[in-house]
Amino acid sequence: MYSEKVMDHFTNPRNVGEIENADAVGEVGNAKCGDIMKIYMKIENDVIVDVKFQTFGCASAIATSSMATELIKGKSVDEALELSNKAVVEALDGLPPAKVHCSVLAEEAVKAAILDYYKKTGKDTTELEKICTGCCESCSAHDHHHDIPEEE
């Protein structure tokens, strides 16, 4: 059911915790499934030098949060903005179709933190403000698109 990488990131999550005086904080949640993700970033010269997360949720929620932090740590803010839920799923060697929404939340938590950073630093937030805070299963109703793999 779950890949070895999902199980590894669930049982040994990376970057767990909180960053005091974080430069960016993003929190998203999905009332339907009960997952809540909070991501903290320390940013220097537009590079994410440290990132931590706190997630309340299932194994997939914890694993996707952990993997998302690994994928953006050391990257520029612009590079982190390119993170997609599909990239998180691929890095974990897949997720069951019913758990793909967790990867969407991980992507949105990263983008919510970067939105916070942009607001704090006076950068233009026009495009980032189109993100939702906790995606539902009908993303087509929003102005954005997530890569939700179809069931095979």
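**Entry 1: Asp46**

I began with Asp46, which is partly exposed, its relative accessible area being 29%. I kept in mind that this is a predicted model. Asp46 sits in the loop between strand E2 (35-44) and E3. I looked up its backbone too: phi of Asp46 is near 65 degrees, a positive value in a residue other than glycine. I noted this because most residues other than glycine have a negative phi.

**Entry 2: Asp93**

I then turned to Asp93, where phi is near 60 degrees, again positive in a residue other than glycine. I found Asp93 in the loop between helix H4 (85-91) and H5.

**Entry 3: Thr55**

Next I went to strand E3 (residues 47-56), which holds Thr55. Is Thr55 buried or exposed? Thr55 has 19% relative accessibility, so I put it down as buried, the cut-off being under 20%. Leaving aside residues up to four places away in sequence, I listed Ile36, Met37, Ala61, Ile62 and Ser65 as what Thr55 touches.

**Entry 4: H2 and H5**

I saw that the axes of helix H2 (residues 59-72) and helix H5 (residues 100-121) come within 9 Å and cross at roughly 40 degrees. H2 is therefore oblique to H5. I wrote down the crossing as right-handed. Which residues make the contact? From H2 I have Ser60, Ala61, Thr64, Ser65, Ala68 and Ile72, and from H5 Cys102, Ser103, Ala106 and Val110. Sorting the residues of this contact gave me six nonpolar, four polar and no charged.

Terms used:
Residues are numbered from 1 along each chain as its sequence is written. This is a predicted model: local features need pLDDT of at least 70, side-chain atom pairs count only at pLDDT 80 or more; totals for chains, interfaces and linings use all residues. Side-chain values use heavy atoms; hydrogens and water are left out. Axes are lines fitted to C-alpha atoms, for helices over the stretch in contact, and angles run from 0 to 180 degrees between N-to-C directions. Helices (H or I, at least four residues) and strands (E, at least two) are DSSP runs, numbered from the N terminus. Angles under 35 degrees count as roughly parallel, over 145 as roughly antiparallel, 65 to 115 as roughly perpendicular and the rest as oblique. A crossing is left-handed if the near helix is turned anticlockwise from the far one by less than a right angle, and right-handed if clockwise. Contact means heavy atoms within 4.5 Å. Ala, Val, Leu, Ile, Met, Phe, Trp, Tyr, Cys and Pro count as nonpolar, Asp, Glu, Lys and Arg as charged, and the others, Gly among them, as polar. Buried means under 20% relative accessible area, exposed over 50%, partly exposed in between (1.4 Å probe, protein chains only).
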